[in-house]
Amino acid sequence: MSELKKKLAGNWKFIICVLMIGILLLPMVYTIFFTLPSTDDFSTAYHVHKNSMFMDSVRYANMRYTTWSGVWLYAFIRALIHPLVLFPLESYGIGVEMILLFIAFMIALFMMIATAATEILGETKRENIAAYILAFLFVFLNTNIYSEIYYWFVGSGYMMAMTLGLVTITLTILYFYREKSSWIIKILLCVIGASACNFYAEAILPGMTYMILWAYFSIREKKPLWKKTIPFWFMFVSGVIAVAAPGNYARYESYTSEVDLIGAVVETVKISVRILKHMIQQPLFIALLVMGVYIGIRHTVRTMRGIYPLLAGCLSLAALAINAFPIALGYTGVSFFPNRLYFVLDFVFMVGMIVTSICFGMYVKGLSGYAAFAKPGHIEVALIGFVFLLIYSTLVYGQGISRLPWVQTVSAVRDAKEIHDAWQECLIAIRDSEEQNVVVEVDKKYFDSPVIQTPRITDDTENWKNGAAARLWGKETVAVVEREEED
């Protein structure tokens, strides 16, 4: 027993961080469990039959590649593991599947942060690494509610791609920083990197990370490391195959009659400014950048010239703009900006600016006047004071705790099952109805949720979402109307 107490006493910081990470994730996992099928989930499912899922998935991916989008691999995967095909409506299959995808994304995120901290920063204390993970996770989960990512199966394709992208970055770091990186890492990097970059909307972050590390090590070795470029070419070719898909052009033509590159550039700037404004207005994000500066000062062994933080900042903005350009090109003339795209752009910008803040901290450490403030506690007190002032000021200006996305998710825990059960009953009624023109009533309060994606079936039988649900279950028309309140 005394041995256990010693282990607990020696690892209490790490244990607290792990417990807090669990607390952060628990309401997310609970609400994700009650995920409902929504919009494209119906239209994807009616292309696939359980007895011929593999070939149907291939045909569906081919159709998407030629008529709508170039992400063949992800169209194939979504069709192959589609919960509406694999599980009956009465089950919680879609929720379990979405939880597994969410956990895979989180594990990939933790691996990337831990590998970067260990291999690049030289961090050896696991309680510090756990604290880095906790801080990033807390801020990211409070940046936005990505309902189209966590609570929508087809939308989770973005999360699948991001997961593979984070694994690619982790393998890239190991490939360059370990003196004798194994052939297994190289093969995995080629395969997983190519898979990640096939989703071109998210290919910039892993691709740019690879090229930056390749350039850095080539400069350090004073010669181009051409053999080290092999995995990158797998990524590049996969991305080109996705971008060159006929479906991308067919999709664009459905939105607009001509390609407007100048308009796309203007829209790219607008989107980038929108993300910058959104992130800068997040006090927790600013606090995370302060933590990055602190890590650069206290938890790294090297200093850095001022050109490098500036270069890191420019590359972060470039990554944001490059990521935004295909989005701007694909959504030119469209009045809405999907929530799932914020997931990509927020994450890319956040990672880039954290790297920039750490580089800035390493630059500050090398300044001649740094020694005057280097005494233990001075920097800590100054930075903690700044963070508390920042949080206090935001509370004063009305951005209270109740508005934090994580807190909103906690508030939705109570209603998640109720919303799920109401819509599950509705969908079962549609599926089992003997009528060809089905009308089902649902209480008004279940039509919308601040967190969960509802099926989005309306009272308009001409709505494409209604049509997709009708086709899935072999009906002529489907409508869901608000149930009249009783006197």
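These legends describe close-up views of a predicted model.

**View 1. Helix 10, residues 157–177.** Helix 10 is made of 21 residues. From its first C-alpha to its last, helix 10 reaches 30 Å, close to the 30 Å expected at 1.5 Å a residue. Because 19 of its 21 residues are buried, helix 10 is largely enclosed by the rest of the structure.

**View 2. Packing of helix 8 (residues 126–141) with helix 18 (residues 339–365).** The two helices pack at an angle of about 145 degrees, and their axes lie 11 Å apart. Helix 8 passes helix 18 in a right-handed crossing. On the helix 8 side, the contact is made by Phe136, Val139 and Phe140. Helix 18 contributes Phe343, Phe347, Met350, Val351 and Ile354. Sorted by class, the contact has eight nonpolar residues, with no polar and no charged ones.

**View 3. The largest nonpolar core, with 128 residues.** The members that touch the most other members of this core are Phe105, Phe136, Tyr150, Phe343, Phe347 and Ile430. Helix 18 gives the most to the core, with 15 residues.

**View 4. Surroundings of Phe105.** Not counting residues up to four places away in sequence, Phe105 touches Phe140, Tyr150, Met159, Met162, Thr163, Leu166, Phe343 and Phe347. Phe105, Tyr150, Phe343 and Phe347 are among the residues of the largest nonpolar core that touch the most other members.

**View 5. Another nonpolar core, of ten residues.**

Terms used
Residues are numbered from 1 along each chain as its sequence is written. This is a predicted model: local features need pLDDT of at least 70, side-chain atom pairs count only at pLDDT 80 or more; totals for chains, interfaces and linings use all residues. Side-chain values use heavy atoms; hydrogens and water are left out. Helices (H or I, at least four residues) and strands (E, at least two) are DSSP runs, numbered from the N terminus. The expected span of a helix is 1.5 Å times one less than its number of residues. Buried means under 20% relative accessible area, exposed over 50%, partly exposed in between (1.4 Å probe, protein chains only). Axes are lines fitted to C-alpha atoms, for helices over the stretch in contact, and angles run from 0 to 180 degrees between N-to-C directions. A crossing is left-handed if the near helix is turned anticlockwise from the far one by less than a right angle, and right-handed if clockwise. Contact means heavy atoms within 4.5 Å. Ala, Val, Leu, Ile, Met, Phe, Trp, Tyr, Cys and Pro count as nonpolar, Asp, Glu, Lys and Arg as charged, and the others, Gly among them, as polar. A nonpolar core is a set of buried Ala, Val, Leu, Ile, Met, Phe, Trp, Tyr and Cys residues joined through side-chain atoms within 4.5 Å.
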